[in-house]
Amino acid sequence: MRALEGIRILDASVGPVAGVATAVLADFGAEVLHIEPPGGDGFRSLAASPLWLRGKHSLEVDLKSEAGQREAAALSAASDVVVVSGPPSRARRFGIDADAVQARAPGVVHASLTGYGPKGKWAEEAGIESLVAARAGRMQVFGRQTREDAPGFAALPVAQHACAMGAVQGIAAALYRRVRSGQGARVETSLLQGLLPYDLVDLLFVQLIERGVMDLPDPSAGDQPTLNYQPVRTADRRWIQCGNLMEHLFYAFLESIDLLPELLVDERCQDSPGAWGPDGIEFARDRILLRMQERTAAEWMETFQANGSVAAETYLSTEEAIGHRDLRANGEIVTVEDPERGPVRQIGPIARLSGTPGVVKGPAPRVGEGGKALAEAWRATPREAPTRAKTSASAPLADLLVVDFSTIIAGPLATSMLSDLGARVIKVEPPTGDPARSIIPGGGLALRMNGGKESLCLDLKTEEGRAIAQEWVTRADVVVHNFRSGVPERLGLGFDECLARNPRLLWAAIQGYGPDGPDGSRPATHPVVGAAMGGATWQAQPALALECRNLAEVREAARQIMRANEANPDPNTSSVLAAAITLALVARARGNGAGQRIDVSMLVANAWANVDDFVAYDGKVPRAALDPALRGRGVGERLYATRDGWLVLAIPNEAAWRRFAEATATQTFAEPGGRTIAAMEPLFASRSTDEWMDVLGAERVGCAPADGPGPGRFWATDAAAHENGFVPVVEHARHGQMQRWGAIVHVDGPPANAGAAPLAGQHTDALLSESGRNEAAIAQLRQDGIVASET
């Protein structure tokens with residue numbers, strides 16, 4: 001039995017965001033009926049539609065007609081889950097909003113995916129990634145790629161990815177609660193919430209700077225990448241991304257390229273690399289960049305793969321990435337025979353669940369295919385009203401215990417998402433704390449990753465430390481880790497051993513490459529995965545194509561490439577991991593209560609983040625490239641300089657172009673031949689940003705200012721974000737009252753008890769006491785260095 005087998009999902013959405021969410025649910029067994037307007041979903045023309053429409057049934061329903069609305073009402077009452085998208089008024093207009101659906105069927109889980117959330121000044125705006133990203137300051141982040149004083153277009157649609165995975169999390173968590181209570185739920189997520197995971201520290205820094213706790217960062221400092229994350233050019237003009245975050249990995253890299261002896265004898269590099277001064281760092285950088293140009297990318301990758309401890313990958317396009325050897329070896333690429341396109345290669349399910357695996361059920365249906373028969377079957381066997389009494393409006397995961405052994409970003413951020421859904425999360429970290437606490441000054445990264453958790457500092461290298469950890473595993477519902485292959489078994493935390501102690505346990509592992517491929521034991525960090533799966537390559541393409549005639553030009557290209565290769569692969573993985581865990585929880589609740597193993601690969605998670613292009617078939621339209629100035633992907637999706645700033649334009653279809661022509665009184669734009677950047681740039685330069693917002697807004701043409709505050713300032717001050725509960729206020733043990741990043745999905749409203757991140761070991765004594773140890777025993781454990789707390 002698959003996790004969602006027998007669950008009925010009425011997908012009344014349009015487009016790829018909710019489409020991805022319901023495709024994931026279909027992969028794990030749900031029966032998805034996609035009701036489409038006459039002629040089909042207008043987004044079917046997108047290249048990736050065969051992926052996000054796969055495994056579904058299609059039914060043409062005209063929701064603008066009374067008959068269509070009656071049809072949708074009847075089907076919603078026969079469903080377990082109803083999914084809608086677009087501004088809140090769209091669902092209300094068609095009678096499929098949460099109030100209407102749950103009045104007919106109180107046990108339905110209703111999920112709404114919007115652009116900006118249900119409240120605030122932008123609630124009725126169309127959910128277009130580039131506009132949301134511009135308003136939330138994301139285009140300011142990529143302005144640092146070039147040295148111009150201008151924003152840079154954000155290519156990868158990360159908000160869509162996190163929003164879709166947030167919807168999966170919320171729907172699955174609500175279904176998990178419904179198994180026990182019969183209670184329906186209102187699940188709400190948005191593209192704006194989807195951007196929350198990608199601000200790793202800025203919201204915190206804005207608050208600390210305002211309080212005088214830290215200084216404004218020097219804009220000229222840190223212009224070059226760290227040596228650990230250095231992009232390097234090879235003899236065949238390819239680029240390899242390094243990701244050797246930890247010192248032992250960096251030494252393995254230097255040894256592999258035969259530079260370690262040379263650097264260790266130089267007086268500038270006598271200390272450990274973290275203590276090298278500026279002269280030593282730049283000397284080492286130049287030696288690395290020169291050495292790497294002596295061999296081809298393939299030759300270097302063969303060396304790194306043979307070493308086994310070097311984190312590095314060649315920059316690949318998505319077309320190349322779909323053939324990655326570890327995706328193939330792990331069976332993550334599936335070929336589906338599409339009746340219109342022929343064989344379509346695409347990424348498989350988001351995660352591997354050992355007991356209830358996902359399966360791609362079939363191709364995208366033709367418009368109207370299979371839906372009529374399924375709708376008749378649903379109407380013939382309607383869902384019964386809930387027989388259990390409604391429980392209090394508790395968080396959907398309120399009864400769960402999660403023990404989190406993971407470090408840095410991907411795992412800890414995922415378990416923070418589970419905390420936002422109500423789970424109790426205990427973070428087990430070394431006596432010195434998670435390494436994330438020292439990567440960024442003030443421990444900012446750890447504050448971002450650990451909202452709502454309790455912290456237990458424990459030395460797992462000791463027998464007593466392992467025994468304490470194993471006690472908590474025995475009590476847990478979920479265990480999460482990102483140990484390298486073989487480490488869990490050495491710690492007594494391997495899957496078989498844990499399941500023997502706790503047969504109900506969900507044991508979740510994050511790997512860079514997956515459990516079975518040739519690189520399964522190699523380390524992977526966010527920049528190497530970004531390079532390998534095509535997302536960073538897309539953003540960095542202008543820099544990757546630079547000529548680089550000398551070392552100075554190689555250094556500048558490397559700087560631009562690393563500015564493009566931001567940290568998004570980690571949050572991309574986090575949202576997938578949390579989604580996979582919630583799906584496994586539903587499987588356990590609906591099945592025999594048995595636990596299982598959950599494997600999440602960073603490669604797979606980031607293939608899903610590149611879902612707009614992670615398909616291959618004859619005649620597929622190539623992904624639009626960024627232009628060299630990082631302004632956009634074409635004339636209709638682009639940053640334009642106005643008289644006093646910058647504005648992003650988003651024109652997705654011919655109807656929008658006609659409205660643009662009407663708004664600008666320039667009929668040449670109504671025809672494709674008249675739409676040129678040369679014609680558009682002087683037009684936009686003739687008016688201010690505010691004037692353009694008024695002119696284009698009046699004709700419902702998508703546009704947004706792109707030079708406002710950066711992400712941290714946006715989240716700290718934006719009224720709509722606060723009105724929707726996206727930035728809760730919490731009490732931190734060191735910083736006092738502060739704003740923290742909110743949940744990417746709300747189930748029956750924002751979390752009522754969002755918690756602050758703990759100090760390292762803040763709850764050590766309390767947790768040891770809860771597990772039965774008295775004060776004397778705890779004091780001895782501290783004296784022996786087995787447990788600890790941050791002072």
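Tutor: Start with Glu497 and Arg501, whose side chains form a salt bridge at 2.7 Å, N to O. A salt bridge here is a side-chain nitrogen of Lys or Arg within 4 Å of a carboxyl oxygen of Asp or Glu. The model is predicted: local features need pLDDT of at least 70, side-chain atom pairs count only at pLDDT 80 or more, and totals for chains, interfaces and linings use all residues. Residues are numbered from 1 along each chain as its sequence is written, and side-chain values use heavy atoms, with hydrogens and water left out.

Student: Where do Glu497 and Arg501 sit in helix H23?
Tutor: They are four residues apart in H23 (residues 495-501), so about one helical turn separates them. Helices (H or I, at least four residues) and strands (E, at least two) are DSSP runs, numbered from the N terminus.

Student: Which parts of the chain does the Asp80 and Arg178 pair link?
Tutor: That salt bridge is 2.8 Å, N to O. It links distant parts: Asp80 is in the loop between helix H3 (66-77) and strand S4 (81-85), while Arg178 is in helix H8 (residues 158-181), 98 residues apart. Both Asp80 and Arg178 are buried.

Student: And what does Arg177 pair with?
Tutor: Asp748, in a salt bridge of 2.6 Å, N to O. Arg177 is in H8, and Asp748 lies 571 residues away in the loop between strand S26 (746-747) and helix H34 (764-770). Arg177 is buried, with a relative accessible area of 2%. Asp748 is partly exposed at 35%.

Student: New topic. How many residues are in the largest nonpolar core?
Tutor: It has 151, and Ile350, Trp608 and Trp715 have the most contacts inside it. H8 gives the most to this core, with 14 residues. A nonpolar core is a set of buried Ala, Val, Leu, Ile, Met, Phe, Trp, Tyr and Cys residues joined through side-chain atoms within 4.5 Å.

Student: What does Trp715 touch?
Tutor: Its contacts (heavy atoms within 4.5 Å) include Leu192, Asp199, His722 and Phe726, not counting residues up to four places away in sequence.

Conventions:
Buried < 20%, exposed > 50% of the residue type's maximum accessible area, 1.4 Å probe, protein only.
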